[in-house]
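Please open the model in your viewer with the sequence panel beside it, and keep the selection tool at hand. The tour begins with the whole chain and then moves from one selection to the next.

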Amino acid sequence: MIRNLVFDMGNVLLEYRTARMLARYFSGEEDRALIDRELFNGPEWVKADLGECTGEEQFLGVSKRVPQRLHAALQACINGWQADMIPMPQSQRFVAEMKEKGYGLYVLSNASPLFYECFPRFGHIEIFDGMVVSCDYHVLKPDERIYRILLEKFHLKPEECLFFDDRPENVQGAREVGMNSEVFTGDWENLRRTYQL
């Protein structure tokens, strides 16, 4: 029986659209592609999610790999990209409904310390019973250790948990430790029916 619902943050609870973020700061398509590769998919981004790299250190690393003419926009993007992390209304409604039904609600996110700035935009975060953020534990999904941290910290049985993530590899990681898990595509109604939530 499912007793606990576990949510990723980006593109499950809050929108995470790098194309929109890049368009805010960079005008050219080639420049946006470069910054997408070197910032949002670069090694410093992973280190930040591991809690091993600050925003300043991200800039110092990425700036070495992009033209100097982009440095000011790069700095602005690093300082402000999180403004585009906005709540997904259907997710807000779903979470509220599941709380009313008595499910335990948890968040498991790969994120830098900026999580604590972004996530409160979702609404009343006290609705959640607990959170595990990768930067605090220096391990990332889909490494099975981060799922075990969540389970052990909050005394959860994996077979009683249902995890939602937009990335298939993270869903598979949860399954490896015995959690029910689904790739989230935006259709809460289908998931509600599938699991009789």
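Start with the whole chain selected: among contacts (heavy atoms within 4.5 Å) between residues at least 6 apart in sequence, 64% join residues at least 24 apart. This is a predicted model, in which local features need pLDDT of at least 70 and side-chain atom pairs count only at pLDDT 80 or more, while totals for chains, interfaces and linings use all residues. Residues are numbered from 1 along each chain as its sequence is written, and side-chain values use heavy atoms, with hydrogens and water left out.

Colour by secondary structure, and the chain shows 11 helices and five strands, where helices (H or I, at least four residues) and strands (E, at least two) are DSSP runs numbered from the N terminus. The radius of gyration, taken over C-alpha atoms, is 18 Å, close to the 16 Å that the globule rule (2.2 Å times the number of residues to the power 0.38) gives for 197 residues, so the chain is as compact as a globular protein of that length. Along the principal axes, the C-alpha atoms fill a box of roughly 55 × 30 × 25 Å. Buried residues make up 50% of the 197 residues; buried means under 20% relative accessible area, exposed over 50% and partly exposed in between, with a 1.4 Å probe and protein chains only.

**Strand β1 and its partners**

Select residues 4-7, which form strand β1. Asn4 and Val6 point one way from β1 and Leu5 and Phe7 the other way, and all are buried. Two strands pair if DSSP finds at least two bridges between them; β1 is joined by four bridges to β2 (residues 104-109), and the two run parallel. Four bridges also join β1 to β4 (residues 161-165), again in parallel.

**Aromatic rings**

Now display the side chains of Phe, Tyr and Trp, whose rings (for Trp, the six-membered ring) pair if their centres lie within 6.5 Å, with planes under 30 degrees apart counted as stacked, over 60 as edge-to-face and the rest as tilted. The whole structure holds 19 aromatic pairs.

Next select tryptophan 45 and tryptophan 81, whose ring centres are 5.0 Å apart with the planes at 55 degrees, so the pair is tilted. Tryptophan 45 belongs to helix α3 (residues 43-49) and tryptophan 81 to the loop between α5 (71-80) and α6 (89-100), so the pair ties together parts that are 36 residues apart in sequence. Tryptophan 45 is buried at a relative accessible area of 11%, and tryptophan 81 is buried at 8%.

To view a cluster linked by ring pairs, select Phe7, Phe94, Phe115, Tyr116, Phe119, Phe122, Phe128, Phe164, Phe184 and Trp188.

Move to valine 133 in strand β3, which counts as buried at 1% relative accessibility. Leaving aside neighbours within four places in sequence, valine 133 is in contact with Ser109, Ala111, Ser112, Phe115 and Tyr116. From C-alpha to C-alpha, valine 133 and phenylalanine 115 are 7.7 Å apart in space and 18 residues apart in sequence.

Which residues does arginine 192 touch, not counting those up to four places away in sequence? They are Phe94, Glu97, Met98 and Leu197. Arginine 192 sits in helix α11 (residues 188-195) and is buried, with a relative accessible area of 14%. Its side chain is joined to that of glutamate 97 by a polar contact of 2.3 Å, the term meaning a pair of N or O atoms within 3.5 Å; within protein, one must be able to donate a hydrogen and the other to accept it, and residues adjacent in sequence count only if both atoms are side-chain atoms.

**Helix α10**

Finish at helix α10 (residues 168-176), where Asn170, Val171, Gly173 and Ala174 are buried. What covers the buried residues of α10 includes α9 (144-153), β4 and β5 (180-183). Just after α10, select glycine 178, which takes a positive phi of about 95 degrees.
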